[in-house]
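Please read this report with the sequence and the model side by side.

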Amino acid sequence: MNGFGFVLRRAVGTVITLLAISVIIYVVFYATPGNVAQITCGPRCSPEQVRQVTEQLRLDDPLYLRYWHFLVGILVGRDYSTGTSLEHCAAPCLGLSYQSDQQVLDIILTKLPVSLSLVLGAMVLWLVLGVGTGVLSAWRRGRISERVLTAVTLAGTATPVFVIGLVLMIVVCGELQLLPFPQYVPFTDDPEQWAWNLLLPWFSLALIEAAAFARLTRASMLETLAEDHIRTFRAYGVGERAIIRRHALRGALAPVIALNANNVGSAVGGAVLTETLFGLPGIGQELVHAVKVVDLPVVVGMVLVIGFFVVLANAVADVLYAVADRRVVLA
């Protein structure tokens with residue numbers, strides 16, 4: 001029952017957080033000074049089109065009513081007038097791009113697989129490299145190999161992702177010609193080419209994150225290895241490798257799980273540099289384009305989706321954290 005209550009509390013907290021995020025985003029983008037209808041519609045819109053946008057978004061209503069209709073549109077959908085016909089935007093309706101006359105959700109769904117492919121592939125790499133390096137560094141504490149690993153992780157933390165990406169492209173694709181320059185291929189079209197073309201972007205993003213995971217894992221492992229029950233295992237003659245694999249690693253994984261959730265959620269929208277550098281048509285690159293052309297509905301929709309992934313990732317992390325450390329459920 002404690003476990004169910006814990007999950008229920010986290011679920012309620014997630015919903016409340018998502019509502020709070022939607023309020024903040026709406027106020028920031030739709031309650032700012034200036035002609036919001038003109039900004040939303042675009043500079044080439046006629047006065048009649050601007051008036052139509054004002055009516056559709058109910059910009060003449062009080063702020064709380066405008067937000068309520070915005071929220072209802074997300075939950076149950078809404079209708080948009082295109083001038084000659086009425087178009088229904090099904091739930092979850094994130095609005096209509098007045099620049100391209102496309103529903104914002106459709107735009108996001110075409111870009112999301114690219115960003116998820118980038119982030120999830122990089123996540124596997126940064127966990128393997130980061131956790132492995134952190135465990136090895138803690139195990140070899142005080143030796144030359146530990147100092148080398150520490151120096152490498154510090155250098156990785158301080159290096160921008162675009163520098164690593166450029167170096168990898170110049171060396172791997174240009175000088176050595178081991179890989180082609182990345183060009184996104186959908187997984188459903190050719191899984192092998194999908195992975196082959198994403199290999200460099202994965203490593204560019206993963207090497208930066210792996211450095212943070214290595215430092216955190218090392219600190220957590222050293223703290224766990226200093227606990228009383230670990231000393232007891234050593235006193236009974238349990239081997240160091242068995243202690244690390246069976247006992248110390250699980251206790252050190254809880255903060256790693258929390259960090260990984262934060263990274264996955266934020267990386268979906270934060271991979272702008274990686275997507276732009278490698279020409280990947282994901283959410284990050286589309287968000288940059290939407291900002292350039294002042295496509296306000298697309299910007300708002302994408303910020304909402306990014307916020308959703310951040311909150312969802314942290315909610316999942318809370319559950320996994322509780323699995324790794326049962327004391328969390330009882331808190």
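Predicted model: local features only at pLDDT ≥ 70, side-chain atom pairs only at ≥ 80, totals over all residues.

Cysteine 173 counts as buried, because its relative accessibility is 6% and the cut-off for buried is under 20%.

**Cysteines and the disulfide**

Cysteine 89 and cysteine 93 are joined to each other by a disulfide, with a distance from S to S of 2.2 Å, and the count of disulfides comes to 1. A disulfide is a covalent bond between the sulfur atoms of two cysteines. The torsion about the S-S bond of cysteine 89 and cysteine 93 is about 110 degrees, and the disulfide is therefore right-handed.

**Helix 5 and helix 8**

How are two packed helices described? The description uses the angle between their axes and the distance between the axes. For helix 5, which covers residues 104–139, and helix 8, which covers residues 191–225, the axes come within 5 Å and cross at roughly 35 degrees. The crossing in which helix 5 passes helix 8 is right-handed, and the residues of this contact divide into 22 nonpolar, 7 polar and 2 charged.

Serine 204 has its place in helix 8. Is serine 204 buried or exposed? Its relative accessibility is 0%, so serine 204 counts as buried. Leaving aside neighbours within four places in sequence, serine 204 is in contact with Val161, Ile164, Gly165, Leu168 and Phe278.

**The largest nonpolar core**

The largest nonpolar core holds 79 residues, and of these Trp126, Leu200 and Met221 touch the most other members. Helix 5 gives the most to this core, with 14 residues. When neighbours within four places in sequence are set aside, the residues in contact with tryptophan 126 include Val119, Val131, Leu205, Ala206, Phe213 and Val264, and among them are also Glu209, Asn260 and Asn263.

Valine 303 lies in helix 13, which covers residues 296–324, and leucine 63 is found in helix 4, which covers residues 63–76. Valine 303 counts as partly exposed because its relative accessibility is 25%, and leucine 63 counts as partly exposed at 37%. Apart from residues up to four places away in sequence, valine 303 touches Ile25 and Phe29, while leucine 63, with its neighbours within four places left aside, is in contact with Tyr26, Val27 and Ala31. The table gives a C-alpha separation for each of these residues.

| Pair | Distance along the chain | C-alpha separation |
|---|---|---|
| Valine 303 and leucine 287 | 16 residues | 8.6 Å |
| Leucine 63 and tyrosine 30 | 33 residues | 9.0 Å |

**The chain as a whole**

The secondary structure of the chain comes to 13 helices and 2 strands, and its C-alpha atoms fill a box of roughly 80 × 60 × 35 Å, taken along the principal axes. Of the 331 residues in the chain, 42% are buried. Among the contacts with a separation of 6 or more, 64% are accounted for by residues 24 or more positions apart.

Notes:
Residues numbered from 1 in each chain as written. Heavy atoms only, no water. Axes fitted to C-alpha atoms, helices over the stretch in contact; angles between N-to-C directions. Helix = DSSP H or I, 4+ residues; strand = E, 2+ residues; numbered from the N terminus. Left-handed = near helix turned anticlockwise from the far one by under 90°. Nonpolar A, V, L, I, M, F, W, Y, C, P; charged D, E, K, R; others polar. Disulfide = S-S within 2.5 Å. Buried < 20%, exposed > 50% of the residue type's maximum accessible area, 1.4 Å probe, protein only. Core = buried A, V, L, I, M, F, W, Y, C linked by side-chain atoms within 4.5 Å. Contact = heavy atoms within 4.5 Å.
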